[in-house]
Structures are given as C-alpha cells and as structure tokens.
Amino acid sequence: MNRWTVVALHDEDSEALVVAGVVAGWHGDESTSIYTSDNLYRLTSFIEAPTADAAEAKVIQEFETALAEMAAETDLV
C-alpha cells in the first residue's frame with residue numbers, strides 16, 4: 001500500500017464532491033475546513049491505497065457513505 005494525500009471540495013448546496021488533487025505521501029494535516037461565504041468545505045484525507053485512482057475512489061466512497069448515513073439520521077428525526 002502507498003500513502004496518498006487527497007484534497008477535495010464539497011459544495012454543501014449541491015452536495016457535489018470534486019477531488020482537487022491526489023499527491024503521493026502524507027502532506028500537511030488531515031482536516032476539514034469550511035469556507036462559509038461559498039458553502040464550500042475543503043477536505044484533506046490521508047489514504048492508504050495501491051494507486052492514486054484507488055485513493056480517489058476511496059475518498060469518494062467514504063464521502064457518499066457519510067452522506068447516506070446523515071440522510072438516514074435525518075429521516076429518523
């Protein structure tokens with residue numbers, strides 16, 4: 001497995017996730033930051049995967065799973 005830093009932007013209004021970049025190695029801090037003026041979140045994830053494409057797919061899958069879990073919780077309320 002290789003280490004990757006994946007940076008993505010999430011638009012809260014459209015629920016779209018755009019992967020901005022995948023870089024070999026772990027760089028910076030793993031974090032979530034919000035840009036309130038545009039309802040954008042910047043996500044930085046550290047992923048272990050065999051390829052950059054696999055790292056990107058894993059981030060997208062984790063994001064979609066989190067959205068589904070939040071939707072299910074909302075339905076329970």
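## Overall architecture

Read from the N terminus, the order of elements is β-β-β-β-α. The model is predicted, so local features need pLDDT of at least 70 and side-chain atom pairs count only at pLDDT 80 or more, while totals for chains, interfaces and linings use all residues. Residues are numbered from 1 along each chain as its sequence is written, and side-chain values use heavy atoms, with hydrogens and water left out.

Of the 77 residues of the chain, 17% count as buried; buried means under 20% relative accessible area, exposed over 50%, and partly exposed in between (1.4 Å probe, protein chains only). The accessible surface of the chain is about 5200 Å², and carbon and sulfur atoms contribute 54% of that area. These areas come from the Shrake-Rupley method with a 1.4 Å probe, and for residues only the protein chains shown count as cover. Among contacts in the chain with a separation of 6 or more, 47% are between residues 24 or more positions apart; a contact means heavy atoms within 4.5 Å.

## Confidence

The average pLDDT of the chain is 85, and 90% of the residues score at least 70; pLDDT is the predictor's confidence in each residue, from 0 to 100. Confidence is highest in β2, at a mean of 91, and lowest in strand β3 (residues 31-35), at 64. Where pLDDT is low, the predicted coordinates should not be read in detail.

Strands β1 and β4 run antiparallel and are joined by ten bridges; two strands pair if DSSP finds at least two bridges between them. Within this pairing, A8 stands opposite L43 of β4. Strand β1 also pairs in the antiparallel sense with β2 (residues 16-24), over eight bridges. Here L9 has V18 of β2 as its bridge partner, and H10 has L17 of β2.

The hairpin of β1 and β2 has four residues between the strands. E15 lies in this loop and has a positive phi of about 65° although it is not a glycine. Most residues other than glycine have a negative phi. With a relative accessible area of 37%, E15 is partly exposed.

## Nonpolar core

The largest nonpolar core holds six residues: W4, V6, I47, A49, A55 and V59. Such a core is a set of buried Ala, Val, Leu, Ile, Met, Phe, Trp, Tyr and Cys residues joined through side-chain atoms within 4.5 Å. At least two residues of this core come from each of β1 (2-11), β4 (40-49) and α1 (52-76).

S45 is situated in strand β4 and counts as buried because its relative accessibility is 16%. Apart from neighbours within four places in sequence, S45 contacts W4, T5, V6, E30 and V59. W4, V6 and V59 also belong to the largest nonpolar core.

T44 likewise has its place in strand β4, and at 9% relative accessibility T44 is buried. Leaving aside neighbours within four places in sequence, T44 is in contact with T5, V6, V7, D29, E30 and S31. E30 is found in the loop between β2 and β3, and beyond its neighbours within four places in sequence E30 touches T44, S45 and F46. The C-alpha atoms of E30 and V7 are separated by 9.4 Å, these residues being 23 residues apart along the chain.

## Aromatic pair

One aromatic pair is found in a search of the whole structure. The ring centres of W26 and F46 are 5.4 Å apart and the planes lie at 15°, so the pair is stacked. By the criterion used, rings of Phe, Tyr and Trp (its six-membered ring) pair if their centres lie within 6.5 Å; planes under 30 degrees apart count as stacked, over 60 as edge-to-face and the rest as tilted.

The pair links distant parts of the chain, with W26 in the loop between β2 and β3 and F46 in strand β4, 20 residues apart. W26 is partly exposed, its relative accessible area being 36%. F46 is also one of the contacts of E30.
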